[in-house]
Each structure stands twice: as structure tokens, then as C-alpha cells.
Amino acid sequence: MNSQATATMPATRARPPASVYGPIAWLRANLFNGIFSTVVTLVIGVGTAWAIMGLMRWGVANAVWSVPTTATGAMDPTACRALHGVGACWAAIGDKWRFMLFGRYPYDEQWRAGLTLVLFIGLFWVSSEPRFWRKELAYVWVVTLWVIFLLLWGGVFGMTYVPQDQWGGLPITLLLSTFGLALAFPLAVLVALGRRSTALPAVKTLCIVYVELIRGVPLIALLFMANVMFPLFMPVGLNPDKLLRAQVAIILFAAAYLAEVVRGGLQALPKGQAEAADALGLTYWQKTMKITLPQALRLVIPPLVNTFIGFFKDTSLVLTIGILDLLTAAKTAMADPIWQGVSTEIYLVVAVIYVVFCYTMSSYSRSIERKLGRTANR
Amino acid sequence: MTEEAPAIVLDKVNKWYGALHVLRDVSMTVAQKERVVVCGPSGSGKSTMIRCINRLEQHQEGRIVVDGTELTDDLRALDTIRREVGMVFQSFNLFPHLTILENCTLAPISVRKMPKAEAEELAMDFLRKVKIPEQAKKYPGQLSGGQQQRVAIARALCMKPKIMLFDEPTSALDPEMIKEVLDTMVSLAESGMTMVCVTHEMGFARMVADRVVFMDRGEIVESGTPARMFEDPQTDRLKLFLSQILRGH
């Protein structure tokens with residue numbers, strides 16, 4: 001700011017006049033700015049109010065929150081049947097929520113599955129805090145994931161053994177997506193680096209073939225292949241369980257997509273960065289780990305999180321090979337003849353769970369972008 | 001190594017980009033502590049030549065020997081040479097995600113395996129020499145172009161190179177910042193550093209260069225002391241170039 005610029009400024013005015021400042025001005029500028037804008041505001045306003053009122057009537061006013069139990073101890077769903085859709089039957093959720101969350105996991109052992117959810121969320125929270133980004137975090141991951149497996153499997157410390165085909169619900173969704181993305185990401189980085197390699201043409205070709213092959217196949221097809229074809233190639237007796245096969249398919253699939261995102265970030269870096277690192281005598285891995293990769297990953301946080309969110313939801317496709325993830329467990333819960341006709345409520349609850357996880361991811365990505373952007377404004 | 005052995009030898013170096021012949025039989029010897037300024041019109045191959053010296057570009061024919069080590073596909077030779085040769089770029093190429101101090105200490109710590117405290121002390125020394133020690137904790141994006149280029153010089157010096165290459169170090173700078181960078185380079189030259197500098201700053205060439213090399217269309221057309229080159233150009237191409245440069249100033 002030079003002195004001439006300040007000299008030509010009018011007498012000091014601390015803030016703009018009230019007509020362009022404050023809530024009323026904001027309303028006028030944004031919602032009632034002309035006839036067309038006013039009409040649109042009113043139409044959308046009325047429509048939204050109508051929808052919210054309808055939802056409240058269905059979900060609160062007319063809803064049945066609990067039903068009496070019959071003499072035999074079973075639920076008596078007559079009150080819910082009588083609703084005929086004008087109100088929500090939350091009583092069904094109250095009865096079925098544990099099956100929705102944990103699937104066919106033995107009822108008396110479900111505290112173990114519940115504990116894994118707490119561990120998962122704790123793990124995510126610790127990993128999201130930059131002050132915990134140290135080498136020790138890797139050990140925390142390994143230990144926590146082992147504890148989660150021990151809890152689910154049992155067979156030790158007096159916990160009964162629970163075979164894998166009885167696992168289900170939210171722990172399965174979190175297991176598939178956490179392992180999927182945690183293992184796919186490093187693989188993706190290697191594939192992206194390989195695909196850009198000029199010194200190793202064979203590796204480059206291999207990476208291109210991998211990405212193009214995997215990307216060219218639907219995830220469902222890959223899951224079917226993992227489930228049906230893979231055991232044919234394995235020696236008799238060595239048959240990794242279904243969950244592991246699905247997990248491998250998801251890792252391979254996610255890695256191909258993530259690799260392209262990472263490659264995009266590497267591509268976007270100015271060539272001078274790598275040249276400067278070369279000129280200083282850094283080795284390939286020093287250059288990659290300290291200069292190009294950190295910058296490239298920062299550039300691609302939005303598409304990276306986009307892919308993460310996509311795969312978190314795509315894990316629900318394991319229903320095609322008979323694994324009970326959150327969505328499938330909930331669907332199965334709906335099959336209970338007592339609660340016939342209760343589906344909207346159950347889908348709504350599942351949707352809310354998905355939204356909470358996905359929205360947390362996306363708002364975390366925004367906050368981390370801001371944090372990193374502050375230090376690296378070019 | 002004797003003191004007389006040349007710092008850099010280029011012997012009939014040739015390079016093509018596809019069919020484009022960008023370096024034609026370039027031969028040049030730079031003695032220890034010699035300061036050479038390379039000039040020429042754009043596209044004359046001067047940047048390509050200087051980038052061949054630390055193998056950011058590969059030559060296809062001829063020999064390049066730097067500080068007694070020949071540049072080949074041998075990676076160890078390349079490591080040795082890059083450790084001894086510092087480079088300053090037109091577009092600074094500081095690492096935007098690292099602080100000024102980290103920019104300077106990265107290579108000494110990773111490549112020279114210097115302890116962190118020692119590297120930081122060294123870096124602060126050089127930042128004081130380029131007159132910006134107070135910026136050490138900032139990020140490159142918070143500095144002016146001139147300051148960034150001075151940091152880039154300090155960063156290269158932290159590797160204690162024997163030879164410094166400058167690839168148009170002032171071309172991307174606003175006019176009022178050129179002087180601060182040139183001052184830094186002059187004091188570096190006075191300290192006895194071997195320097196090869198691609199630049200159009202004729203004032204700088206006059207002040208510090210032992211020799212000026214004029215390139216055009218991939219070949220060295222003429223070379224000599226600055227006084228001889230500027231006052232008594234022998235070739236028409238240099239005469240034309242000088243008239244264009246001087247008109248521009």
C-alpha cells in the first residue's frame with residue numbers, strides 16, 4: 001500500500017452503511033432481490049415447510065414408539081399395522097436395532113462387536129489429529145486392528161469362538177472399508193509412481209495394465225470372481241474365507257482408482273520441483289517422499305476423499321456374495337414377519353448412519369485442506 | 001586433484017530433441033575459480049548446455065567431465081557430481097511446503113548426512129550471507145521473488161558445492177529485485193566460487209565474468225573477455241545480438 005493510494009481515500013468510514021450490512025440487508029440481497037427471486041424464495045420456502053411438517057407428522061406425531069409384548073413375550077405389532085403408513089413404526093427399530101448393527105453375530109456376544117465399533121471410532125479420531133501423526137501411530141493401528149479381530153473371532157481369553165460367516169452389520173462395513181482403504185492407499189501410491197517411471201519401462205507397463213484391467217471391470221464382477229473363481233485356483237484345503245476374498249477384491253479395485261488420483265497430483269506439480277530436488281543430489285526416494293509426494297497428495301485431497309467416500313459406500317456391494325454388511329443386515333432385519341411392511345424406517349436409520357460417516361469424512365477433508373493450505377500458500 | 005585441473009570440460013557435446021539439433025559440437029573448458037557468463041538469444045541452447053552439466057538433461061554425443069568425474073549413465077558418478085554442483089533456477093523452485101530453513105537443511109541432512117543442529121547452523125550462516133536470516137521460519141510463498149531467489153542461492157550453497165550453475169537467475173524477477181540478487185551473486189563471485197551463469201545482465205558480466213561465451217543456434221559462436229566481446233565483437237551474429245540487447249536497455 002503506497003502513500004498515494006491512502007491519500008485519495010475519502011474520510012474514514014469504519015463500516016459500510018446499514019443498507020448493505022446486517023441480517024435484513026442480507027435477506028434482501030439474497031432472498032428477495034426482485035420479483036423473480038421473491039417468488040422462488042416463497043415457493044421453495046413453502047415447499048420445504050410442507051415437507052418438514054409431513055416428516056414430523058409421520059416421524060413424530062403419528063409415530064408408534066413402542067408396542068406391548070404378548071403373554072408369550074413376543075412383540076405385538078398390531079399398533080404398527082394399524083398405522084397403514086401414516087406414521088413411523090419406531091418400535092420395530094427398537095426391537096431390531098441390534099440385528100441391524102451386528103447381523104447374525106450371537107446375541108449374547110454382541111458387546112464384543114459393539115466394542116469393535118468403539119475401537120474403530122477411537123482409531124479414526126486418533127488418526128485424524130495431526131498432533132498424533134508420528135511413527136507410533138502405525139503401531140497403534142496394527143495393535144488396534146488385531147484387537148478388533150480377536151474380539152470378533154474370540155476363542156481366547158474366555159470369549160467363545162464366532163465363525164466369520166456369523167459376523168455382520170456395521171463392524172463388517174467398517175472392517176472392509178478401513179482395511180480396504182488403508183491397504184489400497186500405499187499400493188495406489190506405488191502404482192502411481194510406477195506408472196510415471198521413465199527408468200523402468202517394464203514396471204510402467206505392468207502398472208498401466210493393472211489400472212486399466214481393474215478399472216475396466218465392475219466391482220460386482222470382481223467380487224464374484226473373488227468368491228467363485230479364486231477358490232478354483234487354490235490348492236484343496238487352502239481356502240481363505242469369504243470375507244478375506246472380498247477384502248482383497250476391494251483393495252485391488254480401490255487401489256486402481258486411487259492410483260489415478262495420486263498420479264493426477266504428481267502430474268500437476270511443476271517440473272521444477274523434481275529438478276530442484278535432483279540438482280541438490282537427493283535420491284529418487286528422498287525426492288519422492290520429501291518433495292513430490294507430500295505436495296501431490298495435498299493437491300488431491302478433495303478427489304482422494306471423494307474416492308474414499310465412494311468406496312465406503314461401495315462396500316455394501318458385498319451383499320452380492322452373501323456377506324452381511326450394514327445395509328444387508330438391515331434388509332435382513334426387515335424380513336422378520338412380525339414387522340412386515342416396516343422398511344422406510346429401517347432404510348432411514350441406515351441412511352443416517354452412512355450420512356454421519358460420509359459427512360464426517362468430507363468435513364474433515366475440508367478442515368485438513370484449510371490447515372495445510374495455510375502453510376503452503378504459493 | 002591438482003589445482004590446475006579444469007572444473008568443467010565439455011568436449012564436442014551434441015544433443016537432439018527428436019530431430020531438432022539443440023547442441024552442436026559444444027566444447028568449452030571452465031577452470032577452477034573461473035567465472036563464465038553464457039549469453040545468446042532465446043532458443044540458442046544455453047540453458048540446455050548448463051543443464052547438461054549436472055545432467056538435468058542428457059547429452060547424446062561427446063564428453064562432459066565435471067571436477068574430474070565424467071558424466072555417464074553410472075549413477076554413482078551422477079551422485080558425486082550433483083553433490084559438488086549447485087544450481088539456481090530461473091523460477092527459484094523452492095519447496096513451497098517447507099520453511100525457508102527446511103529448504104536449506106533438507107539436502108545437507110538427507111544427502112550429506114549432517115546432524116540437524118549443524119545443518120541449521122550452516123543454513124543460518126548462509127541465510128545471513130544472502131541477508132535474510134529473519135525469514136528462516138517463513139514459507140517461500142510469503143517472500144518476494146528477490147528474496148526467494150536469494151534463498152535458492154543459500155539453499156544451493158548449503159551443500160558446499162565447488163561449482164555453481166545459474167540458469168537465468170534474474171529473468172523472472174521484477175526490475176527492482178534484480179539488483180539484490182545480482183549483489184548476492186557478485187559477493188559469491190568475490191569469494192572465489194567457480195560459476196557458470198546464463199544471463200542477459202551485461203553489467204553483471206562486465207563486473208565479474210572472466211569470460212563471456214556467446215551461443216546461437218546450439219553452437220558457441222564466440223568467446224572472450226567481457227571487454228573484448230562487448231567492445232570488439234568479431235561475428236555478425238554477436239554484433240546483432242548486442243545491438244538488440246543494448247536497444248532493450
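The second largest pocket has a volume of about 1,600 Å³, in a model that is predicted, where local features need pLDDT of at least 70, side-chain atom pairs count only at pLDDT 80 or more, and totals for chains, interfaces and linings use all residues. Residues are numbered from 1 along each chain as written, chains are lettered from A in written order, and side-chain values use heavy atoms, without hydrogens and water. A pocket here is an open set of points on a 1 Å grid over the protein atoms alone, where a 1.4 Å probe fits, with protein on both sides within 12 Å along at least five of seven lines; lining residues have an atom within 4 Å of a point.

**Second largest pocket**
- Its lining counts 40 residues, and A:T198, A:A199, A:D278, A:Y284 and A:K287 lie nearest the centre.
- By class, that lining holds 19 nonpolar, nine polar and 12 charged residues.

**Largest pocket**
- About 2,000 Å³ of space lies in the largest pocket.
- Among its 40 lining residues, A:S127, A:S128, A:W133, A:F308 and A:Y364 are the closest to the centre.
- This lining divides into 31 nonpolar, seven polar and two charged residues.

**Nonpolar cores**
- A nonpolar core is a set of buried Ala, Val, Leu, Ile, Met, Phe, Trp, Tyr and Cys residues joined through side-chain atoms within 4.5 Å, with buried meaning under 20% relative accessible area (1.4 Å probe, protein chains only).
- In the largest core, of 77 residues, A:W167, A:L170, A:L175 and A:L223 touch the most other members.
- A second, separate core of 52 residues includes B:I100, B:I153, B:F166 and B:M177.

Conventions
Buried means under 20% relative accessible area, exposed over 50%, partly exposed in between (1.4 Å probe, protein chains only). Grid points are joined across faces, edges and corners, and a volume is the space filled by probe spheres set on the points. Ala, Val, Leu, Ile, Met, Phe, Trp, Tyr, Cys and Pro count as nonpolar, Asp, Glu, Lys and Arg as charged, and the others, Gly among them, as polar.
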